[in-house]
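Here are a few notes to go with the model, written as numbered points. Have a look at it first, then read on.

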Amino acid sequence: MAVAHTDAGIAHTAQADVPLKRWLLSHPGATRIAVILLLLVIWEFAARFLLDRDFISPPSTVLMSLGGVLGTPGVPKALGLTLYEIAIGFVLAAIIGAGTGLAVGLSRFAHKSFMPIILLLYGLPQVTILPLFVLFFGIGAASKVAFGVSHGMFPIMITIAAGVQKINPVLMRSARSMGASRAQILYHVIFPHMVPSFFTGLRLGMTGVLLGVLLAELYVSTAGIGYFTSLFTQNLEPTKLIGLVAMLAVIAIVLNEIVRRAEFHYGRWRG
Amino acid sequence: MNGDAREPLVIRLASHGVQVAFLVVLLVAWLLATHVWHVSSILLPNPVDVWRQLVDVIRSGEFIYDLRITLSEFVAAFIIATVLGVTVGYFVSRSPYLIKVFEPLFAAIYAIPIILFLPLYVMVWGLGPASKIALGATISFFPIVMNTVVGFGNIDRTLTAAAKSMGASNIQMFRHVLLPGALPVVLAGLRMGFTVALLSVIGSETIASLAGLGHRIVNLAENMEMARMFAYIVFVVAIVAVLNAGISMVEAYARWR
Amino acid sequence: MTSAETAICVRDVSHQFGEAGQARYVQALKNTSLDVARGELHCLIGPSGCGKSTLLSVIGGLTTPTTGTVTVGDKAVRGPMPRDLAFVFQENALFPWNTVFENIVLGMKFQGVPKAERRERARRALEAVGLDAFAEHFPGQLSGGMRQRAALARALSLETDILLMDEPFGALDEQTRMVLGEDLSVLLSRSRKTIVFVTHSLGEAVFLADRVAVFSARPGTIKDIITIDEPHPRKPSFMTAPKFHALRDRLYGLLHDEIRKSMTETAQPRRRYGEAAENTGDAA
């Protein structure tokens, strides 16, 4: 079906005589929702009639038991703690990442010296040292925050350093030719230029922090979210487990969406 | 700001010097911490001990059992993800409409840490390799499918129009225009999928498993066998590095051809 | 003109992209009719977005018009006709992963030329455009002018009666354009090919064409047809002749209002958040 390449317009008008089809064809978002709903329906059907109830629950049951999950003592606290860890981790990662990224990006020598080190550390499979983090920082929030920061700060550093490097030298030259001091150049040329890169870095950093915090939470099965995931798994309570995981997934999606919109909004002049 | 191609030799040497100094400082700090500052060996083992344990692990062949499990889980996950990802990606790329429907969906799912679903997989498939393979395949699927969609979908329309105007059949179009055009991007996706599958397998072994390299590290941590644990960490980092270098070479070779 | 002399017959072609009321709706062509005589170089010229490239695409069978018909010789156009029409696009039509020679051979493979003939024809085509020394080069290693010559060689190797050229020199600098234009004129005088040539450039149209069809602003329709009575091959001295200037002025007079009209139109619909830029396809 190579036709689609050169003639998207015609392919549409030829097929879309049915009003519903035509509407769907111009609203891909609606089709997307339809696909998701279809998957949910399949899940519902499969869970009810085909699969073992001990291991998987239909979405309708999960939905109705969400209240029960939240009612389980300790769960709201664990969820809240996780959110708190993500927030702190994100702020710390942003500060460390942006600070280091700026410092490394602004000086060519620093960039040549330290960027390879940063890239090396970034490439390490950090999941192997997760048990170390927990041994050092304990099973409380500290290890989760630390692991989150460790995952989130590198993409921020790298993105910001790269963004600083990409400033058109013409801009700097014209600012200097007009008599701007170093501080003025920093404030009026470099910072505004950095804004899109900064928000891109934040988006990547959020993904990293989420990963780090959640990995650590799942690993520690004696406290926090990890305690409940392991509890629900061992007690064969799929409804509660799916509910809990779904809530975490929603938190992750929402946080991601926020940073993504911020990135789009502040990145607009880049085009 | 943009580095020029020929840096003065002094600057190049100096920057490499800084890197070497960094490693040296790290190593010295480690030695000092364990020998002079008496940091508890429960927290930080002696580098000499770590080295000895590493040698022992390798010589005794103890690593083979866990390595084999991890590698087999990883390979299975990657193969499943590749087959599914490339197939689905190719068919979605055929229609700009389907791309508009599915691409944001894939991107949104990929943005969250899918490892989150590990407990669900464990509940269904247990603590054995199946859950790791399934999760690894799931996570690895996304970069592969997204890159395949972009690779095949972004082929310059002028090229397909030109081929069509010259009478290319569908098979000819695929073999001579779509495939070579999409290959670099698809390969990059496979490369990402490769790395991600490996990390996810090790990660799931760390969190919930009875065997495999990730589990071994956790086991040693729980038994407070710090030196041996560090040895395994070094070993796993090395394995990951080797595999990554390997896939880089494959990618470079494929591009050259 | 008798049908034996008409190579291409366009009747009442209209074309739109999208549905009325949609953000991306565009009426590219409206009731366009045209006759292209055998052996002539017929130019299509008009302001941006007037649909001339769309018309070329319709003639070539790459786009099915919303209404109207196109006949090539005595056959109705229902899809690509590789034996009758060969395209030369503005740029990027050579497969970057193949050498120039491989590109030309591949084109013949698509058309269905027997394997035994391909290499010889490719060689001849490259000689005709003067690129035989660069057969083993990759398109990325060549300058823009050489790439377009390679694209022309590919079209020539297909040995069709008709060439459809969509601003083939549009991405090149003026000096290269002039030289390649002269070469095209020489080529035309030697073969009896029919060429439909889309361009923005007034000078190019007058220098190359036997007849020029002037398009109105979008929705495009043919406003007028100017005849240029000067035999091929045309020499560079033609460009300084008073006849040339008169024709060029006449062309500009016809186009002037249409160009102004097209400048007040926006190029792209406003984007909503999250939407990728719409590809308005062949609207040009």
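**Notes on chain B and its neighbours**

1. The buried residues of α4(B) pack against α4 (28–50), α11 (182–219) and α13 (238–266) of chain A, plus α3 (63–93) and α6 (129–153) of chain B. Those buried residues are Ile99(B), Val101(B), Phe102(B), Glu103(B) and Ala111(B). Buried is used here for 20 or more other C-beta atoms within 10 Å of a residue's own, C-beta atoms being placed from the backbone. Helices are DSSP runs (H or I, at least four residues), numbered from the N terminus.

2. Bear in mind that this is a predicted model: local features need pLDDT of at least 70, side-chain atom pairs count only at pLDDT 80 or more, and totals for chains, interfaces and linings use all residues. Residues are numbered from 1 along each chain as its sequence is written, with chains lettered from A and ligands numbered from 1 in the order in which they are written.

3. Now the bend: α4(B) has a kink of about 30° at Phe102(B), shortly before the proline Pro104(B). The bend is the angle between axes fitted to the seven residues ending at a residue and the seven starting there.

4. On to the contact with chain A, which takes 48 residues from chain B and 49 residues from chain A. Contact means C-beta atoms, placed from the backbone, within 7 Å. On the chain B side, α4(B) gives the most, with eight residues.

5. As for chain C, 15 residues of chain B are in contact with 16 residues of chain C. The largest share of the chain B side, seven residues, comes from α7(B).

Terms used
Helices (H or I, at least four residues) and strands (E, at least two) are DSSP runs, numbered from the N terminus. A residue is buried if 20 or more other C-beta atoms lie within 10 Å of its own, exposed if 12 or fewer, and partly exposed in between; C-beta atoms are placed from the backbone. Two residues are in contact if their C-beta atoms, placed from the backbone, lie within 7 Å.
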